[in-house]
Every structure is written in C-alpha cells, then in structure tokens.
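User: Hello! I am new to this structure and would like to learn what the terms used for it rest on. Could you show it to me first?

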Amino acid sequence: MNNGSTNSHRKQLTIALAGNANVGKSVIFNQLTGGNQIIGNWPGKTVEIQEGYIEKNGLKIRVVDLPGIYSLSTYSEEEIVTREFIIKERPDVVIVVVDASALYRNLFFLLQILEIGAKTVVALNQYDLLERDGFEIDLQKLESLLNVPVVKTIATKNIGLKELFERTLLMASRTYVPKFPKYGKEIEERINKLVEALSPYDFDVSKRFLAIKLLEHDEEFEKLVPKDILHLRDKLAKELEEIHGEPIRTIIIQERYALASRITAEVLRKKTKRSIDFSNRIDDILLHPVFGFFFLTLILLFMFFVVFKFGSFLSDYIGGLFDSLKPHFMSLKLDESLKTFIWDGLIDGLVAAFGIVLPYIAPFYLLLSFLEDSGYLARIAFLTDAFMHKIGIHGKAFIPLIESFGCNVPAIMGTRVLERRRDRIIASILATLVPCSARSVIVFGLVAAFLGPIYAILIYALDFVFIFFVGLLLNRYLKGTPTGLIMEMPRYRKPVLRIILKQTWIRLKEFFTFATPIIVISNAIMEGLILLKLLPYLELSVKPFAYILGLPPLATLTLVFGALRKELTLIMLATFYKTSNFALILTPKQIFVYGFVTMIYIPCVATIAMLKREFGTRVAILITLFEFVLSMILGGILNLLLRFI
Amino acid sequence: MYETLDRVKANRIVKVVDFVVPKHHIHIPQYIVRLQEMGVLKGEIIEVRRNTGIGPIEINVKGTKLAIGRGIASKIIVEEVNE
C-alpha cells in the first residue's frame, strides 16, 4: 500500500468507508465499485480489507471498505486496523456510513472519526428504516453541527448514492478545516494542556486526537510519546477522575455520548407514531427458549439435506466428466508411467478439489451467506451463547463451527469474528474436529453404507460429545478468562443476492487459493511415494497404530493419506484392496472404529497450513499433535470396548 | 431497589446505576469499556426485551438492540424505573 499524502499532482484518489457493523456499508461499497474488487490483508494483522477501483473523469478512485466496528479503541484488531489506515494511509475522504435509525449510537463512532480530523462525508443510510420508525432528521442542522456534508441514502435501493459520490469528490477537491467535536470544559482544558505539551514534537496524527487517545490510556499511542508527557497525562487524568468520580476511560466515553445525545436531540424529530417492529415479532418465535431451538435445528437440518442432495448430484456429474476424459488422455502417445503420474498425481488432485469437495461446500456457503445476510446468524449466536459458555467461548463462535461442516479451512478464517486470540484458538480446535464435507462423505460411504444409517448418526453423536469435552478441557486448561457476549442484534432484512454471492466467494476463495494448491501438491507427493514403491516401509511404520486401533496395517496406512485430504482414506482403501466392498476388508467393528478415528485423528494438511497462517507454527503443531494423540487414545479405547460387545 | 441486569424480567424498563468493577483499578475491564461504548452508561434508561433465564439478555439502548451474555449482565447494576 502506498502512502502518497504529500503528492499533490497524483491522479489517484482514495476513499475509505468506515462505520459500525450492520449499517449497510458493504452494500454502499458494492454499489460504488461494481464488480471490481480485491480483498487484501492489512500487513501484520488478520483483518481483511476490501478495495475496489473506479474511473471517473480520468481520475482513478480507490475505494476501501474498512471493517465494521463500534469504536476506535484497541478492543479488536479491526479497530486498530481502521484507525491505522486512516492515520497512515490518509485517505482523501472518509465516508462514515451511519445507520440513520440508530443515530445516537452511530454518532459515537462518527465523533471519533471527526476527532482524527480527516475529511469526512456522512452517509445517513437506512433512512427508510428511520422513517418507518416514525422519525426524521434535520440534515441542514446536522451538517452545520458537524461541519461536514451529510447525505441521505438507502443503499439497498440505490437511493442517494450518486449524490454521496458527487459530494465526496467535491470534498476531496476542497480545503477543509476540521471542526473538532468539543467536549466539557474540564476535559477541554486538559486536552489543551496536553496539546501544548506535545507542540515541540511531530506526529502523523493531529495533536488533539493524540491527546485524547493518551487520556484514554491507549497503549499504541503511549508508545509514541516521551515519559514526561505520560506523567503529565497521569496528573491530568487523575484530576478528571477526581472531578467526575469515574475512571478516565469512562469519562471520555460519557463525554462523547453526551455530545452525541445533544446532537441527536437537536436533529431528530418525531413525525408519526412508531409502526410495529417486525424483527421483534419474528424474534419472539426464533429466539424462544423452546421454539427457537426447534427452528434452529430445522433450519440446519434442511441446510444439510439440501447441501448433500445437491452436492452428491453435482459431485457425480463432475466426477463423471473427468472419468469420461480419462480414456482420451490415456490414449495419448506419451510414456506410460508419465501419463499415470500426470493423471493420478496431478489431475486427480484437481478432480478431488473440484469434484468431491467443491460441490458440497459451494451450496453450503451459499446458504450460510444467505442466513448471514438475513440477520439470522446473530440469532444463532444468541441461542447458542449459554451452551457455548460452558466450553469457554461465546455464541459468536458457533458460526465458524457451522462453517466447518463445509470445510475447516475457511472456518478457521471465520473465527476472526471472535475478539480474543484465546477464543479463536479454542474455536479453531473445535472447528477442526467438526466433520467437514469430505469426512461426511466417508461416514456416508463407509459407515452408513455398510453398517446402516443408525451407526452413522452414532458416529456423529460421538463426535459432538467428543467436541464438547475437548471444549471443556481447553476452557479449563488454556490460560486466560472467557470473554462474554456483547453483540448488536441486527434487524432482519431481505438478503441481497450480490452480497450473498460475495460472502460466498470470500469463503470459497480460501478454499481455491489456499486449500486447492495444497491438495494438488500433496496428491502428487502421494503418487510419488507409490511410484517409488515406498509404501511397504510406510506400512511397517504404522503397525503400532494398527495394533492400537485393531485395524489391518494396510487399512491403517490409508489414514496417512487421509492427512492429505480426508476422503483419500476411502479412495486408498479401495485402491489397496482392489474392491469397494469394504465389508470384505473390515469387520463391522473395524468399520466403526475406522469411521470414528477418521473423523478426529488429525486436521488435513490444508487445515494445518491455515492454522499455521493464523496462529503460527507452534500452535499448529501443538494442535495437530494434541488431536493425533487424543484420537489414538480414544480409538484404542473404542477398539477395546467393542471387543467385549 | 437495586438488582443486576441478569435478574430483571423481560419488558421491564430499568436505569443503569453502576458496574461491578474491582476497586482501585487504573484500567476498568475491557468488557465494561465495550458496554459503555455501545451506549450502556450510568444513568442510561434501558428496556429489557428478552430474558428467559438462560442465555443472553436482549436490551434496547437508545434504539439499538444489544445481546449481552449472562455473565456480563450480572456485572451491571440497575434499578427499576416506573414509566
């Protein structure tokens, strides 16, 4: 990312979109940029920033969608990234997207952006919801109070966006003297004292913003200033705490809200009587302590049913397509073993990714994104919060666990919705134990097919019990205290197809760009092992594990391949024994042990690689070892128990 | 009468009186700061929309709905207001 703040003759403008979550920021971003988007990571942080480019009057405009946040403190990485972006990248204009129907709370955030002193334009979005609630906002008054342009928008209906864009461009070209939000007298005096003390120094940010952040004891900004400034700050903060009888951080929050409240009182007017809040009516059913869970179960079951029906159809179709190509390829005039290597080693990996995994995860993520955009995922978090607390994480962690049923790789990314690293690690470990679509294929193809569906359900149930106990264990022994849930409940809304497709793509992208190459490479390595005739040695090395699990060594060997991609276990079983009638290879008890162990014994390489990317090598190795050891112990116990039945 | 938010029945309107915070701490806990940033401040009038005795409590603060985990709710001291 470039920093061209001093470059006056450049032809590129940067516009950043900031705002709370659930205010329609992404919709505005999509409407402004069309299909032209890149998703990138902010350096050093696991926060995604989306960018789009548009051309207008020979001007190249870069639009950046910053994460949805509620404050500019250090509560989450998203907050740090947002303020770093505004301070370091110095966008030409920051569009603050505000939920007009929740003006008071949104002003709290807007005031903090104004504190930075960046050029700001306000999009008063979801204005229709405000009107439905029976209110209106005095735009002229709000503009004069804030000293920045304010535009009414209804992004989902593309209303007001043209004006927003034009006024943003106008703002970019004009000079702007920031009018900083003014707080109470006692605080202003002390902010000014700090600003004065800071005057000999040079900073990236306005001294006023820095002074406020110092008063808030913001660690990131404390690092920037000399000790004597911090001493002065301590003294001033103490004075304020004595006057107000509150901790300094609370005082500043109260001051911002007091100002937000004054502004709201001046601009917000009641027009008609409030209409019925449908979201609340729906929630009476969907958040009901009994019916709520009933509908949750129903919705999830329906989702899995659709996914597996549609997925197996798609998978058969794509698999058939590749199968029909194979004879043509094999008839090419090439060296026989080279052909085998290319097909089995390289193409087969692609077939697996596109023919076995993708058909299941694509419809799965489509439905999940639909639920997300409708507002229902927040309700799932609400319903599952009490239960999730028993395993040390809060309700929001249930969402990556659901994502895991598709593929573990994007699910680990999905744990980013959690605020703390500890919570993310617990949720990720649990996510890797959730049967992904590949593992479900095994359970269906082996356990359900040869033992009956009851046993397949039993394996799922065993797995869920196992996940619960692992959660209990982790919560007990991992350092740190659990975080509680504080979550805004968005209104229900009609999902927007474009947003759903984009969310689906964001989830699938991890699978394509991250998991697929790993699947293909590991497939090639496996083929190499077979060609080099190294299998007998491997078979020897798995003997102890075969003994523990009570499985034939050759069948145990397939678990090694399963580490590359889970469904390979079944494919290799058929390859090694030259039959797909697994009842001839394994006894029913062995099938059960095999099915259970495949579900939990190790994250696949793509998942391990993702764990490494998100949490570092040490954590990735520890998780892998932990799961391997645990599964061998449990598999061994299961094997022993079954002998006595 | 003072009580903690987790004990307030649904559809009641209460005023935030205080937060249970360890005394003589320079830094108040992060979750209290976050609550305050979301608008749950001392003196604020909030409506308890949903409290079923298990799971989070749903409240209405100045037009926004917030779900607050039971543990955190037990740290918010409130007093009922008659309206």
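Analyst: Here are some questions and answers about the terms used for this structure.

Analyst: This is a predicted model, where local features need pLDDT of at least 70, side-chain atom pairs count only at pLDDT 80 or more, and totals for chains, interfaces and linings use all residues. Residues are numbered from 1 along each chain as its sequence is written, while chains are lettered from A and ligands numbered from 1 in the order in which they are written.

User: How do you know what confidence chain A has, and where is it lowest and highest?

Analyst: We use pLDDT, the predictor's confidence in each residue, from 0 to 100. Its mean for chain A is 88, and 96% of the residues reach 70 or more. Strand β2 (residues 37–41) of chain A has the lowest confidence, at a mean of 63, and strand β8 (residues 150–152) of chain A the highest, at 97. Over residues 1–9 of chain A, pLDDT stays under 50.

User: What makes β2(B) and β6(B) a pair?

Analyst: Strands are DSSP runs of E with at least two residues, helices are runs of H or I with at least four, and both are numbered from the N terminus. Two strands pair if DSSP finds at least two bridges between them. Strand β2 (residues 13–19) and strand β6 (residues 76–80) of chain B have 5 bridges in the antiparallel sense, so they count as a pair. In this pairing, B:Lys15 stands opposite B:Glu79.

User: Which strand pairs with β2(B) over 3 bridges?

Analyst: That is strand β3 (residues 45–50) of chain B, again in the antiparallel sense. Here B:Lys15 stands opposite B:Ile45. β3(B) also pairs with strand β4 (residues 57–61) of chain B over 3 bridges, with B:Glu47 opposite B:Asn60. β3(B) and β4(B) form a hairpin with 6 residues between them, and B:Gly53 in the turn has a positive phi of about 95°.

User: Why is one side of β10(A) and of β1(B) left without a neighbour in the sheet?

Analyst: The open sheet has 7 antiparallel strands in the order β10(A)-β5(B)-β4(B)-β3(B)-β2(B)-β6(B)-β1(B). β10 (486–488) of chain A and β1 (2–4) of chain B stand at the edges, each with a single partner strand, so one side of each has no neighbour in the sheet. β10(A) pairs with β5(B) over 3 bridges, and A:Glu488 stands opposite B:Leu66.

User: Why are α14(A) and α19(A) called roughly perpendicular?

Analyst: Axes are lines fitted to C-alpha atoms, for helices over the stretch in contact, and angles run from 0 to 180 degrees between N-to-C directions. Angles under 35 degrees count as roughly parallel, over 145 as roughly antiparallel, 65 to 115 as roughly perpendicular and the rest as oblique. Helix α14 (residues 336–374) and helix α19 (residues 437–451) of chain A cross at roughly 110°, their axes coming within 9 Å. The pair is therefore roughly perpendicular. Residues making the contact include A:Tyr360 of α14(A) and A:Val441 of α19(A).

User: What makes residues of chain B and chain A count as in contact, and how many are there?

Analyst: Two residues are in contact if their C-beta atoms, placed from the backbone, lie within 7 Å. By that rule, 29 residues of chain B are in contact with 31 residues of chain A. On the chain B side, α1(B) gives the largest share, 7 residues.
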